[in-house]
Structures are given as C-alpha cells and as structure tokens.
Amino acid sequence: MTPKSSLIAAVRAGLAELANPDKAPDMQAYMKSDMPYRGVARPQRAALTKAVFAEHVIASETDWVDTILVLWREAGFREERYVALDLSGQRRYAAWQSSALLPLYDELIVTGAWWDYVDEIANRRIGPLVRSEPDVVKPVMRVWSTDDDKWRRRTSIICQLASKAATDTVLLTESIEANITDRDFFLRKAIGWALREYAKTEPEWVKDFVERHPELSGLSRREALKNL
C-alpha cells in the first residue's frame, strides 16, 4: 500500500472509529449539508489527523495533491472533506504552497460551495498566496470578483482578512465594489467582514470607505463599523 492510499485508509478508518451517530444529525442540520456527518468533533479530528499525517508521510507534491483530491472527491462524510482541507494546509508540505495550486483550490471552492469550506481556503490558502505571489494571484482575484460563481466572488473579497498592513486596498475596493449591490447574504456578510478586519489596522480608511459607499447594504455597513 502506498503512503497515499494508506493515509486515505487510515483517515477513513479513524473517522469511522470516532463516529458519534447521536451528534451527526445535528451537525448536518447546522451546516445545512446534503452530505452526512460522522459526528466527529474538531478536536477529535485534529488529534486523528496529527497522528495519521505523522505516520503516513507523502513524498511528492503530485501525490500530495492527488491525496487531497481523492479525500475530497470520494468523500462519503463531510469530515473527510475537512481532512482534505487539513492536509492541504499541513505544515510539513508548506514548501509546496504556490500559485500552481490555484486550480486545486478553485475546484474545492466551486464544488464545496459553502462557507465552512470556502472561508478556510480563502483566508488560509489563497490569502498567503496573494501576499507571496501578488503578480500572479491578484489578477485571478480580480477575475473571480465578477465571476458567476458567488463563492469565487466571496473568496476575492475575504482573501485578505489576515493581510493587515499588507492589505491591497485597491484590490479590496475593486472586489467589494463589484459585489456591493448584490443581495446575496454571503456576499454582503463577506464585505462587512473584510472591512471589519481591515478596520483593526486602518479604522479611518474603513470609515471613509463606508461614507463614500452609501449603496452598502445595512448588513455590510453594520459589520464594517461594529468595532469602530
């Protein structure tokens, strides 16, 4: 058995062993998920992945990406997809993080199509790439900001949540303005969230932005100014 297949088998066996059928329906209902849950809480999953990832080390970037995709595409339970995301951010493979992974992350965003997946990818996977490879990744975010897929658009808005002083306010402005009149809850929430986070670094910029954009929804405005 290859490290790739042994890791996948260990993940599935571990999740099955930790399954809590009493919690699973509530977790599925909360996330409004068509895919069922095993009922494994985050701390239990974290302990499992720590052990499995340490025991089953993947030697090549190609096998690493393939393992992520198998866990994701063939998932029978939502926790398997969470493990795929955990593997994509595993520190052992940090050197493989590059703009070459954008097609991978794009697939996870579009096929995941829900905030629990998308927010993790946008903030913790694509966000660092925006900062490390701006010439490659920022143009993609600009394209995504007007895409038909709302989860790509949400990603373009919130990908700089952790950028602080390194925030590209031109990109932030363009991504918000492209979606500012959209009535979708997840886009309105994303706009407010992005502005609220940047307000921790540049509160006056955010106040001025809100004043200059009266077309902001009430939700976006309240979120943006929550701590000001």
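**Group meeting: a walk through an all-helix model**

Okay, let's start in the middle: the largest nonpolar core has 44 residues, and of these Leu87 and Ile126 touch the most other members. By nonpolar core I mean a set of buried Ala, Val, Leu, Ile, Met, Phe, Trp, Tyr and Cys residues joined through side-chain atoms within 4.5 Å. Buried is under 20% relative accessible area, exposed is over 50%, and partly exposed is in between, with a 1.4 Å probe and protein chains only. At least two residues of this core come from each of α1 (3-18), α3 (42-55), α4, α5, α6, α7 and α8. Domain 1 (1-96) and domain 2 (98-227) both contribute residues, so the core lies between them. Those domain bounds come from an automatic or database domain assignment. Apart from that core there is another, of 19 residues, including Ile176, Ile180, Ala190 and Val210.

A word on ground rules. This is a predicted model, so local features need pLDDT of at least 70 and side-chain atom pairs count only at pLDDT 80 or more, while totals for chains, interfaces and linings use all residues. Residues are numbered from 1 along each chain as its sequence is written, and side-chain values use heavy atoms, with hydrogens and water left out.

Now the big picture. How many helices and strands does the protein chain have? There are 13 helices and zero strands. Helices here are DSSP runs (H or I, at least four residues), strands are E runs of at least two, and they are numbered from the N terminus. The radius of gyration is 19 Å, close to the 17 Å that the globule rule gives for 228 residues, so the protein chain is as compact as a globular protein of that length. That radius is taken over C-alpha atoms, and the rule is 2.2 Å times the number of residues to the power 0.38. The C-alpha trace spans about 60 × 40 × 30 Å along its principal axes. Buried residues account for 48% of the 228.

Contact, by the way, means heavy atoms within 4.5 Å. If you take contacts between residues at least 6 apart in sequence, 69% of them join residues at least 24 apart. Where they meet, 18 residues of domain 1 are in contact with 15 residues of domain 2.

Let's zoom in on α6 (102-112). Its buried residues are Leu102, Leu104, Tyr105, Asp106, Leu108, Ile109 and Gly112. Among the elements covering them are α4 (61-73), α5 (78-88), α7, α8 (134-144) and α9 (150-158). Just after α6, Ala113 takes a positive phi of about 50°. Then comes Trp114, in the loop between α6 and α7 (115-132). What does Trp114 touch, leaving aside its neighbours within four places in sequence? The contacts are Met31, Lys32, Arg78, Trp151 and Phe186.

On to α7, which has 18 residues. It reaches 24 Å from its first C-alpha to its last, close to the 26 Å expected at 1.5 Å a residue. The expected span is 1.5 Å times one less than the number of residues. Where does α7 bend? At Ile126, by about 40°, and a proline, Pro128, follows within four residues. That bend is the angle between axes fitted to the seven residues ending there and the seven starting there. Ile126 is also one of the buried residues of α7, along with Tyr117, Ile121 and Leu129, among others. Beyond its neighbours within four places, Ile126 is in contact with residues including Leu102, Tyr105, Ile109, Val137, Met141 and Trp144.

Further along is α11 (residues 185-199). Its 15 residues should span 21 Å at 1.5 Å a residue, and its end C-alpha atoms are 21 Å apart, which agrees. Phe186, Leu187, Ala190 and Tyr198 are among its buried residues. The buried residues of α11 pack against α7, α9, α10 (169-177), α12 (203-212) and α13 (218-224).

Last, two lysines. Lys32 sits in the loop between α2 (24-30) and α3, and has a positive phi of about 50° although it is not a glycine. Is Lys32 buried or exposed? With 66% relative accessibility, Lys32 counts as exposed. Lys164, in the loop between α9 and α10, likewise has a positive phi of about 50° without being a glycine. At 57% relative accessibility, Lys164 counts as exposed.
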